[in-house]
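Please open the model in a viewer and follow the selections below in order.

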Amino acid sequence: MIRYNLRCDRGHAFESWFQSSSAYDSQIKRKLVSCPNCGSAKVEKAIMAPQIGKKGRARAAEPTAEAATSASTEVSSGSATPLMMAQEAELRAKIKELRDHVTKNADNVGEKFPDEARKMHYGDIEHRPIYGEASPDEARSLIDEGIEVSPLPVLPGDRN
Ligand SMILES: [Zn+2]
């Protein structure tokens with residue numbers, strides 16, 4: 001069975017099933033196909049939109065409703081996923097750039113970070129760019145003392 005999208009001479013579009021393309025041809029010739037809207041037998045194949053997401057056209061394929069639904073699902077989810085991946089990749093790249101900048105230009109003082117930051121703030125030691133670890137509580141008390149700290153962003157999902 002082949003489904004054709006048809007159109008009458010008044011522009012009504014409709015669908016009809018045929019045994020084969022030659023069956024379609026002979027039925028059209030014998031004016032056995034008529035428009036369900038106006039009854040006109042001047043019917044021809046409507047211009048078909050190409051199927052999206054399928055390379056090449058299966059020769060004897062029967063386009064079923066089920067196939068059409070799954071095809072459109074593929075298209076919509078297929079278009080969303082690369083976009084999200086692109087955004088995440090961009091975000092990851094920016095975070096990595098920031099981290100690289102900090103780690104290249106600052107000393108890693110590790111767990112001594114709160115001490116070092118405090119000493120610098122109060123002029124006990126020379127001011128220099130540092131980074132390291134601080135618990136949320138430590139970070140909060142540093143901020144309370146007027147010491148500027150900013151958390152290094154962690155890459156989202158370092159899982160891969
Ligand atoms: Zn019609």
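Which residues are linked with Glu116 in a network of salt bridges? Select Asp107, Lys119 and Arg128 together with Glu116: these four form the network. Keep in mind that the model is predicted.

Stay on Glu116, which is buried at a relative accessible area of 11%. Its side chain meets that of Lys119 in a salt bridge, 4.0 Å from N to O. Both residues lie in helix H3 (residues 113–121), three residues apart, so about one helical turn separates them. Lys119 is partly exposed, with 35% relative accessibility.

Next select Arg128, which also forms a salt bridge with Glu116; here the closest N and O atoms are 3.4 Å apart. This pair links distant parts of the chain, twelve residues apart, since Arg128 sits in the loop between H3 and strand S5 (130–132). Arg128 is partly exposed at 28% relative accessibility.

Move to helix H4 (residues 136–144) and select Asp137 and Arg140, three residues apart. Their salt bridge has its closest N and O atoms 3.1 Å apart. Asp137 is exposed at 55% relative accessible area, while Arg140 is partly exposed at 49%. The model's count of salt bridges is eight.

Now select the largest nonpolar core, ten residues including Tyr4, Leu6, Phe18, Tyr24 and Val33. Strand S1 (2–8), strand S2 (13–18) and helix H1 (21–29) each give two or more residues to this core. The largest share, three residues, comes from S1.

Finish with the second, separate core of eight residues, among them Ala117, Ile130, Ile147 and Val149.

Technical notes:
Residues numbered from 1 in each chain as written. Predicted model: local features only at pLDDT ≥ 70, side-chain atom pairs only at ≥ 80, totals over all residues. Heavy atoms only, no water. Core = buried A, V, L, I, M, F, W, Y, C linked by side-chain atoms within 4.5 Å. Buried < 20%, exposed > 50% of the residue type's maximum accessible area, 1.4 Å probe, protein only. Helix = DSSP H or I, 4+ residues; strand = E, 2+ residues; numbered from the N terminus.
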